[in-house]
Amino acid sequence: MSYTRKGTKAQVLQSKSLRVLRGHLRRDGDGTVRGMDEAPEETLYDRVGGLAFFVDLVSRFYEGVSDDEFLGPMYPEEDHGPAIERLALFLAQYWGGPPTYSELRGHPRLRMRHDPYKITKKARDAWLGLMLGAVDEMEMDPGDRADLVAYLDLAAHQLRNR
Ligand code: HEM
């Protein structure tokens, strides 16, 4: 079979793969072609350097927990290794990392998971104080730091249950 140039073009324009591609390259009202001239949005997780950042942050937080006379005894396990992993994976997932936390633990349901612990105003403030101290020690972009701090502050306020 031979095609004229025009025929070939018409056939190519009808091809399934191109129709699929066109679907991906939908135009927004402002003329932006989605999927072609925009890289996928970079997340805070990417910017801070991925999981290692969250493990470092949470390890620093847990050093504080171990030394804290009020918070320390609230934590059920003496070895904080597994707890560090859970919180680091949770935060990494929240900020755009892979969904490993949910694969291992299911839906976060943080209020429910915190039910066994008496999170009074004093406990919340102690937790937040240690966590914001750990954030202060991390090197990061000021805008990202402000976002992280705002989130932790809000989440800690929401988890107060007494
Ligand atoms: C407000 C003060 C808070 C207190 C006193 C507190 C206390 C605790 C305790 C005692 C545990 C059990 C440790 C473990 O075995 O994992 C825990 C687990 C956890 N907390 Fe908190 N927490 C607080 C706030 C937060 C906040 C703000 C977040 C999230 C931003 C958070 C996320 C988690 C996660 C992800 C776990 C592990 C859940 C699991 O998969 O079992 N917590 N918390």
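In which handedness of crossing, left or right, does α4 pass α5? The crossing is right-handed. This is a predicted model. Its protein chain holds nine helices and zero strands.

**Overall fold**
- Along the sequence, the protein chain reads α-α-α-α-α-α-α-α-α.
- The protein chain has 162 residues, and buried residues make up 16% of them.
- Among contacts in the protein chain with a separation of 6 or more, 65% come from residues 24 or more positions apart.

**Packing of α4 on α5**
- Two packed helices are described by the angle between their axes and the distance between the axes.
- Helix α4 covers residues 51–67, and its axis comes within 9 Å of the α5 axis.
- The two axes cross at roughly 135°. That angle makes α4 oblique to α5.
- On the α4 side, the contact uses L51, F54, V55, V58, S59 and Y62. On the α5 side, these residues meet A83, I84, L87, A88, L91 and A92.
- The residues of this contact divide into eleven nonpolar, one polar and no charged.

**A92, a residue in α5**
- A92 lies in helix α5.
- A92 counts as buried because it has 25 C-beta neighbours inside 10 Å, and the cut-off for buried is 20 or more.
- Leaving out residues up to four places away in sequence, A92 touches Y45, L51, F54 and G97.
- V55 sits 37 residues from A92 along the chain, and their C-alpha atoms are separated by 8.9 Å.

**R109, a residue in a loop**
- R109 is found in the loop between α6 (100–105) and α7.
- Its phi is near 35°, a positive value in a residue other than glycine.
- Most residues other than glycine have a negative phi.
- Is R109 buried or exposed? R109 counts as exposed because it has 10 C-beta neighbours inside 10 Å, and the cut-off for exposed is 12 or fewer.

Key
Residues numbered from 1 in each chain as written. Predicted model: local features only at pLDDT ≥ 70, side-chain atom pairs only at ≥ 80, totals over all residues. Axes fitted to C-alpha atoms, helices over the stretch in contact; angles between N-to-C directions. Helix = DSSP H or I, 4+ residues; strand = E, 2+ residues; numbered from the N terminus. Parallel < 35°, antiparallel > 145°, perpendicular 65-115°, else oblique. Left-handed = near helix turned anticlockwise from the far one by under 90°. Contact = placed C-beta atoms within 7 Å. Nonpolar A, V, L, I, M, F, W, Y, C, P; charged D, E, K, R; others polar.
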